[in-house]
Amino acid sequence: MKDYLHELMKHYHELEKRERVAVVSLSIFLAGVVLYLGVWAPVNNYALEAQIDHDRYLKLLTYLKSTESQARSVSEKQSTGKATGQSLLSSVSKSARSVGIKPSRLQPEGSDAVSVWFDAVAFTRLMLWLERLESGQGIVVQQITIDRRDLPGEVSARLVLRP
């Protein structure tokens with residue numbers, strides 16, 4: 001390496017004064033480009049992305065704080081009005097009738113869950129019913145199995161529901 005540097009300096013000193021000025025100027029320019037592209041640009045991009053992330057998370061935090069009271073009231077409603085045993089069975093049965101579907105079989109699963117079977121039900125009505133159960137009564141799907149039937153849009157399903 002030392003020999004290579006010595007040889008390079010020898011060639012540099014053999015150049016005319018104008019050529020040496022050009023080589024030095026070009027070297028300074030290239031060092032500036034390398035510094036900009038290798039250090040400044042990545043650091044600047046990282047700072048901009050961090051600012052965008054910060055703004056996005058701040059907006060999310062503001063939204064969450066603005067809906068906190070609503071979420072707490074829904075949570076309190078669900079915890080005080082949780083259905084168990086027979087009341088869960090009747091809630092599930094009534095809500096199914098309200099959307100026009102009839103379960104083939106309802107069976108309690110312990111004290112806090114219900115198994116529901118449908119032999120043939122419209123998929124859209126099943127999804128509507130599940131959405132109403134969750135949003136209106138706080139009853140959620142713990143487990144679901146859906147199989148396609150021969151008729152388009154019709155399925156058979158087995159669900160385990162829990163408050």
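**Note on the sheet, core and confidence of a predicted model**

1. S115 in β2 is the bridge partner of Q107. Strands, like helices, are DSSP runs numbered from the N terminus, a strand (E) having at least two residues and a helix (H or I) at least four. The structure is a predicted model, in which local features need pLDDT of at least 70 and side-chain atom pairs count only at pLDDT 80 or more, while totals for chains, interfaces and linings use all residues. Residues are numbered from 1 along each chain as its sequence is written, and side-chain values use heavy atoms, with hydrogens and water left out.

2. Two strands are taken to pair if DSSP finds at least two bridges between them. P108 is placed opposite V114 of β2. The two strands form a hairpin with five residues between them, and in its turn G110 has a positive phi of about 75 degrees.

3. What is the order of the strands in the open sheet? Four strands are arranged as β1-β2-β4-β3, with antiparallel pairing. At the edges stand β1 (105–108) and β3 (140–148), each of which pairs on one side only. On average, neighbouring strands of this sheet are turned by 15 degrees against each other, direction ignored; the axes are lines fitted to C-alpha atoms, for helices over the stretch in contact, and angles between N-to-C directions run from 0 to 180 degrees.

4. The remaining pairings involve β4. β2 and β4 are antiparallel and share seven bridges; A122 has E154 of β4 as its bridge partner. Eight bridges connect β3 with β4, again in the antiparallel sense, and I146 lies opposite A157 of β4. The β3–β4 hairpin has five residues between its strands, and G153 there takes a positive phi near 85 degrees.

5. R162 lies in β4, which spans residues 154–162. Why is R162 classed as partly exposed? Its relative accessibility is 29%, and the class covers values between buried (under 20% relative accessible area) and exposed (over 50%), with a 1.4 Å probe and protein chains only. Beyond four places in sequence, R162 contacts D112, A113, G138, I139, V140 and Q142, a contact being heavy atoms within 4.5 Å. The side chains of R162 and Q142 are joined by a polar contact of 3.1 Å; such a contact is a pair of N or O atoms within 3.5 Å, where within protein one must be able to donate a hydrogen and the other to accept it, and residues adjacent in sequence count only if both atoms are side-chain atoms.

6. The largest nonpolar core contains 19 residues, and those with the most contacts inside it are F118, L126, W129, L159 and L161. Such a core is a set of buried Ala, Val, Leu, Ile, Met, Phe, Trp, Tyr and Cys residues joined through side-chain atoms within 4.5 Å. At least two of its residues come from each of α4 (85–98), β2, α5 (123–137) and β4.

7. The mean pLDDT (the predictor's confidence in each residue, from 0 to 100) is 88 for the chain, and 94% of residues reach 70 or more. Residues 81–85 stay under 50.
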